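Subject: Structure handover

Hello,

I am passing on the structure that we talked about, together with some notes to read beside it. Please open it first and keep it in view while you go through the rest.

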Amino acid sequence: MTKTITEDWDEVPYAEAWTRQETCFDTLVKAKLAGKPYTNRLILCQHPHVYTLGRSGKENNMLLDAAQMRRLGVELFHTDRGGDITYHGPGQLVCYPILNLEDYGLGLRQYINVLEEAVIRLCAAYGITASRLDRATGVWIEGATARARKICAIGVRSSHFVTMHGLALNVNTDLRYFSYIHPCGFVDKGVTSLQKELGQEVPMEEVKLHLTGELLDLLGQSEKSRL
């Protein structure tokens, strides 16, 4: 049975987290190819205000110029994950799984389904009905309606079946920052959070436990999944 550990990096600047991710990723890939022991990780963190643009992202989905970003105290990074532009900031729970998918018998599409399913189950635990949306990776509320709003963005990178980047779940996020971009490239859909849907702040530590519990279960790592 593959062992998966959880790490909490607390609040960390995006650039530092990206560098640390790459170190974990490169270490795992090299060990895997060499047939040496390695560790699969679920990394949790939050970031100061930042926008990230994926490989397939379009520059015009950023609605601020450099001067406006400086005034808001927010940075923009071009990343090597999939997807378009998104926002990270305080009150948002980010999860970066650094995993060898072959240890779990997963392909990349199945893996993304696992990430989505973990968040769908987490939302259900709070009485929120969430789901997938065709041709729109992530987790949505009322996704098939004119009131469609995204609660979790997903963007990953995979090489040698090893993953990095991951998901960003809006917990107590300041949603105003999404108004300065076309989130994930969409101009006709909204963004929401657990706090907005429930009408009250949600304890971050509680959400971390829910999310890691669901991910470990779906990856076959929990006691429940082995029953």
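Tyr180, by contrast, is partly exposed at 28%.

Before going further, please note that this is a predicted model, in which local features need pLDDT of at least 70 and side-chain atom pairs count only at pLDDT 80 or more, while totals for chains, interfaces and linings use all residues. Residues are numbered from 1 along each chain as its sequence is written, and side-chain values use heavy atoms, with hydrogens and water left out.

The structure holds six aromatic pairs, where rings of Phe, Tyr and Trp (its six-membered ring) pair if their centres lie within 6.5 Å, and planes under 30 degrees apart count as stacked, over 60 as edge-to-face and the rest as tilted. One of them joins Tyr14 and Trp18, whose ring centres are 5.9 Å apart and whose planes stand at 55°, so this pair is tilted. Both residues lie in helix α1, four residues apart, which is about one turn of the helix; helices (H or I, at least four residues) and strands (E, at least two) are DSSP runs, numbered from the N terminus. Tyr14 is buried at 5% relative accessible area, and Trp18 is buried at 16%. The rings of Tyr177 and Tyr180 have their centres 6.2 Å apart and their planes at 85°, so that pair is edge-to-face. Tyr177 and Tyr180 also belong to one aromatic cluster with Tyr51, Tyr87 and Phe178.

There is also an open sheet of three strands, in the order β4-β3-β5 and with mixed pairing, where two strands pair if DSSP finds at least two bridges between them. Its edge strands are β4 (75-78) and β5 (85-88), each of which pairs on one side only. Strand β3 (residues 50-53) runs antiparallel to β5 and is joined to it by four bridges, and Leu53 has Ile85 of β5 as its bridge partner.

Best wishes

How values were computed
Buried means under 20% relative accessible area, exposed over 50%, partly exposed in between (1.4 Å probe, protein chains only).
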